[in-house]
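Subject: Structure for your files

Hello,

Here is the structure you asked to see. My notes on it follow below the entry.

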Amino acid sequence: MANNVYWEDIEVGYEIPKWTRKTDLMHWNRYAAVNDEFIYIHMDDDAGRAGANEQGAFGMGNLRFAYLHNMLRDWAGDEAWVKAVGLQYRAINQKNDVLDCVGTVVAKRVENGEHLVDLEINVINQSGQGTAPGQATVVLPTRS
Amino acid sequence: MSEKLDTLVTQNMLDKRDQWSEPRVSRPVSESDIRKWAIAVYWPEEPPKLYWNEDYALSTRYEGIVAPLDFNPFAWPVPVPSAPPTPPMGTGQGTNAMNGGQAVEYVTPIRPGDVISSSTALVDWNERETRLGLTLFSTNETRWTNQDGALVKISKNTSIRY
């Protein structure tokens, strides 16, 4: 059993530990391999430029979506349940970007017996640009 | 130069609104599928034991290995589907496309041996002028259930066309 946090111990405003990856073709290719997501704009600089990204090939939105889940799971632990995750893609994940997944608790509530925390989440690049703002809800274990 | 379109909404969209697709059924999920997925999304760090170590996973509330929530059991289908006929990007109004985002509600974890069914419907859209010109935001809803009929997740995906 791995229990990282209890609902009672989390306050609104708490910033959960950030989760960071520097991303490039090594990460994108591995993700393409498991998700069968072989699309030229994620593999080839010429295709990326033809797709209106001057810097060339760029990362999959789905991989940033996965990274946000990793952040939430690594924080909440294996006795928690990530109930909902949503985001909007606002900027491209360029090659060699250093992405910080971040989350801040914005609400606590009990609903249908579940002890929930709501978070605002995002994937911030090395320029400080929020590339994928969104929300998440996590069910946490309680001390009671 | 072609004439400027008043709308990017097609007759096909009007016809298909709220029409749920026939379920697509996955191959049985294997422990290996889950382990490889976890390695890829955690690369270069070791993924959590919940995704690959049965002894450890049995000690958690999940009572066994589960897949990462973002796991896709529909990758690598056979027969291999042909690529959908899409116009080349950037060749005219309405031919540029982007992934706008997604919102997912998770209900039941995916476990080794599960067979997942998926059905999708175009449920909504709206159209407005943006800095990209006339822009169409379309929302597809997808529901996954497992072999026991339990709801696995509901996802809403927004695609952008301009």
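What covers the buried residues of α1(A)? The cover includes β1 (15–22) and α3 (61–76) of chain A, together with α2 of chain B. Helix α1 of chain A spans residues 25–35, and its buried residues are H27(A), W28(A), Y31(A), A32(A), V34(A) and N35(A). A residue is called buried here if 20 or more other C-beta atoms lie within 10 Å of its own, exposed if 12 or fewer, and partly exposed in between, with C-beta atoms placed from the backbone. Helices (H or I, at least four residues) and strands (E, at least two) are DSSP runs, numbered from the N terminus. D36(A) follows α1(A) and has a positive phi, near 55°.

Before the rest, some housekeeping. This is a predicted model, in which local features need pLDDT of at least 70 and side-chain atom pairs count only at pLDDT 80 or more, while totals for chains, interfaces and linings use all residues. Residues are numbered from 1 along each chain as its sequence is written, and chains are lettered from A and ligands numbered from 1 in the order in which they are written.

Chain A overall

Chain A has three helices and five strands, in the order β-α-α-α-β-β-β-β from the N terminus. Its C-alpha trace spans about 55 × 30 × 25 Å along the principal axes. Of the 144 residues in chain A, 45% are buried. Two residues are in contact if their C-beta atoms, placed from the backbone, lie within 7 Å. Among the contacts in chain A between residues at least 6 apart in sequence, 67% join residues at least 24 apart.

Where the chains meet

On the chain B side, 28 residues are in contact with 28 residues of chain A. Two elements of chain B, α2 (31–42) and β2 (97–106), each supply at least two residues of the side that touches chain A. The most comes from β2(B), with eight residues. By type, that side of chain B divides into 16 nonpolar, eight polar and four charged residues. Ala, Val, Leu, Ile, Met, Phe, Trp, Tyr, Cys and Pro count as nonpolar, Asp, Glu, Lys and Arg as charged, and the others, Gly among them, as polar.

Strand β2 of chain A (residues 81–88) runs antiparallel to β2(B), and five bridges join them; strands pair if DSSP finds at least two bridges between them. G86(A) stands opposite A103(B) in β2(B).

One residue in chain B

L136(B) lies in strand β4 (residues 133–145) of chain B. It counts as partly exposed because it has 19 C-beta neighbours inside 10 Å. Leaving aside neighbours within four places in sequence, L136(B) is in contact with L8(B), V9(B), W125(B), E127(B) and R161(B). L136(B) and V9(B) are 127 residues apart along the chain, and their C-alpha atoms are separated by 7.5 Å.

Backbone points to check by eye

Most residues other than glycine have a negative phi, and most peptide bonds are trans. The following depart from that.

- The peptide bond from W43(B) to P44(B) is cis, with omega near 5°; P44(B) lies in the loop between α2 and α3 (54–58) of chain B.
- V78(B) and P79(B) are joined by a cis peptide bond, with omega about -5°. P79(B) is in the loop between α3 and β2 of chain B.
- W76(B), in the loop between α3 and β2 of chain B, has a positive phi near 60°.
- N96(A) is not a glycine, yet its phi is positive, about 70°. N96(A) sits in the loop between β2 and β3 (98–111) of chain A, and counts as exposed because it has 10 C-beta neighbours inside 10 Å.

Regards
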